[in-house]
Amino acid sequence: MSTSAKQSPAEAVRTGGTVTDRLVEANKRYAADFRDPGMDARPVLQVAVVACMDARLDLHAALGLELGDCHTIRNAGGVVTDDVIRSLTISQRALGTRSVILVHHTGCGLESLTEDFRVELEEEVGQRPAWAVESFRDVDQDVRQSMQRVRTSPFLLHSDDVRGFVFDVTTGLLREIDPAE
């Protein structure tokens with residue numbers, strides 16, 4: 001991990017800027033050595049990975065992926081929402097993916113939230129969000145639900161190769177979830 005990634009927001013401000021400023025500076029260093037890889041938007045492995053946005057998940061490293069291998073779709077919980085189906089549909093129909101891998105993880109923040117979160121937001125800002133929190137108590141069952149949502153979507157061309165996993169944040173190992181249990 002680079003030093004700039006370890007720097008806290010407070011340290012970033014003390015050293016002359018915001019976290020965003022530091023990230024923009026890091027991009028300038030990255031771009032100085034960047035070479036166009038000559039790829040298009042079609043993933044080489046024809047796979048889309050749907051995963052949680054948790055900062056502890058380094059999906060490319062955990063799955064042995066390189067730049068250009070896959071489409072990566074991330075959100076809180078790795079939940080298969082309408083927007084994820086939208087992205088998967090574009091990934092499959094326009095960009096040639098055929099397989100879908102779902103990656104949830106141990107210790108997910110959605111396990112400690114409830115749909116009351118939406119009510120609390122409404123009380124605070126005067127408007128209830130249109131989206132569901134999609135909290136859960138059983139990560140395995142949540143993976144099964146996500147697999148079912150992908151498999152039953154009428155918009156997806158390829159629903160035969162959909163597999164779901166739970167990533168253990170303490171060991172780095174994936175555990176495959178049987179959709180039939």
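**Exercise 1. Decide whether R149 is buried, partly exposed or exposed, and find its salt-bridge partner.**

Step 1: R149 has a relative accessibility of 28% and therefore counts as partly exposed, where buried means under 20% relative accessible area, exposed over 50%, and partly exposed in between (1.4 Å probe, protein chains only). This is a predicted model, in which local features need pLDDT of at least 70 and side-chain atom pairs count only at pLDDT 80 or more, while totals for chains, interfaces and linings use all residues. Residues are numbered from 1 along each chain as its sequence is written, and side-chain values use heavy atoms, with hydrogens and water left out.

Step 2: The side chain of R149 meets that of E134 in a salt bridge at 3.3 Å, N to O, the term standing for a side-chain nitrogen of Lys or Arg within 4 Å of a carboxyl oxygen of Asp or Glu. Because E134 lies in the loop between α6 and α7 (139-152) and R149 in helix α7, the pair ties together parts that are 15 residues apart in sequence. Helices (H or I, at least four residues) and strands (E, at least two) are DSSP runs, numbered from the N terminus.

Step 3: E134, at 18% relative accessibility, counts as buried.

**Exercise 2. Locate the salt bridges of E25 with K28 and of D83 with R86.**

Step 1: The structure holds seven salt bridges, and one of them joins the side chains of E25 and K28 at 3.2 Å, N to O. Both E25 and K28 lie in helix α3 (residues 19-33), three residues apart, about one turn of the helix.

Step 2: E25 is partly exposed at 38% relative accessibility, and K28 is partly exposed at 48%.

Step 3: D83 and R86 form a salt bridge at 3.4 Å, N to O, and both lie in helix α5 (residues 82-93), three residues apart, about one turn of the helix. D83 is partly exposed, with a relative accessible area of 46%.

**Exercise 3. Describe the surroundings of strand β1 and its pairing with β2 and β3.**

Step 1: Six of the six residues of β1 (residues 47-52) are buried, so the strand is largely enclosed by the rest of the structure.

Step 2: β1 pairs with strand β2 (residues 70-75) in the parallel sense over six bridges, where pairing requires that DSSP finds at least two bridges between two strands. Within this pairing, V50 stands opposite I73 in β2.

Step 3: β1 also runs parallel to strand β3 (residues 99-105), to which five bridges join it, and the bridge partner of A48 in β3 is V100.
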